[in-house]
Amino acid sequence: MEAKLVEIIVMEGIAVLMLWFAYQIGIKKKMWLIAGYNEKSAQYVTDKAGLARLVARLCLLAGLASGAMPIATAIWGATATGYASCIGAYGGFIAGITGFTALQARDYTVKSRVTG
């Protein structure tokens, strides 16, 4: 029971944090919260609103998955195999949306030009 409580606190904390990031980046347009975005890299972003929407969707999906994780482990995690499957599915989902976002982010940026 104690381990389940720790799981709930950690995963729901992550969910709240990711939903907060989604709100701040997607609605409030606080671009500085995006990793790697700063004044030097801003010149390479062609569509700031599109990039903000994309990263906000990533944060929203990660928040929803993190919020659903304790429910999934309560339903399917009664055995070690079921618990490992839930963790693997969560990790695969997070890796998938992160990779998809990295690929889609190229649509909103231009390559840096190196002059020699």
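Me: How many aromatic pairs does a search of the whole structure find?
Reply: The model is a predicted one. Across the whole structure, the number of aromatic pairs found by the search is 1.

Me: Which geometry class, stacked, edge-to-face or tilted, describes the pair of tryptophan 20 and phenylalanine 21?
Reply: The ring centres of tryptophan 20 and phenylalanine 21 lie 5.3 Å apart, and their planes make an angle of 55 degrees. Planes under 30 degrees apart count as stacked and those over 60 as edge-to-face, with the rest in a third class. The pair of tryptophan 20 and phenylalanine 21 is therefore tilted.

Me: Is tryptophan 20 buried, partly exposed or exposed?
Reply: The relative accessible area of tryptophan 20 is 42%. Buried requires under 20% and exposed over 50%, so tryptophan 20 is partly exposed.

Me: What is the N to O distance in the salt bridge between lysine 4 and glutamate 7?
Reply: The whole structure has 1 salt bridge by this search. An α-helix has 3.6 residues a turn, so residues three or four places apart point the same way. The side chains of lysine 4 and glutamate 7 meet with an N to O distance of 3.2 Å.

Me: Which residues does glutamine 24 touch, not counting residues up to four places away in sequence?
Reply: Glutamine 24 is located in helix α1 and counts as buried, with 8% relative accessibility. Beyond the residues up to four places away in sequence, the contacts of glutamine 24 are Lys29, Lys30 and Leu33.

Me: What is the phi of lysine 29?
Reply: Lysine 29 lies in the loop between α1 and α2. Its relative accessible area of 40% makes lysine 29 partly exposed. Although lysine 29 is not a glycine, its phi is positive, at about 60 degrees.

Me: How far apart in space are glycine 67 and methionine 11, C-alpha to C-alpha?
Reply: Glycine 67 is part of helix α2 and is buried, at 17% relative accessibility. Not counting residues up to four places away in sequence, glycine 67 touches Met11, Glu12 and Ala15. Although glycine 67 and methionine 11 are 56 residues apart in sequence, their C-alpha to C-alpha distance is 6.2 Å.

Me: What distance does helix α3 reach from its first C-alpha to its last?
Reply: Helix α3 runs over residues 80–105 and has 26 residues. At 1.5 Å a residue, 38 Å is expected. The reach from first to last C-alpha is close to that value, at 37 Å.

Me: Which residues of α3 are buried?
Reply: The cover over the buried residues of α3 includes α2. Those buried residues are Gly82, Cys86, Ile97 and Thr101.

Conventions. Residues are numbered from 1 along each chain as its sequence is written. This is a predicted model: local features need pLDDT of at least 70, side-chain atom pairs count only at pLDDT 80 or more; totals for chains, interfaces and linings use all residues. Side-chain values use heavy atoms; hydrogens and water are left out. A salt bridge is a side-chain nitrogen of Lys or Arg within 4 Å of a carboxyl oxygen of Asp or Glu. Helices (H or I, at least four residues) and strands (E, at least two) are DSSP runs, numbered from the N terminus. Buried means under 20% relative accessible area, exposed over 50%, partly exposed in between (1.4 Å probe, protein chains only). Contact means heavy atoms within 4.5 Å. The expected span of a helix is 1.5 Å times one less than its number of residues. Rings of Phe, Tyr and Trp (its six-membered ring) pair if their centres lie within 6.5 Å; planes under 30 degrees apart count as stacked, over 60 as edge-to-face and the rest as tilted.
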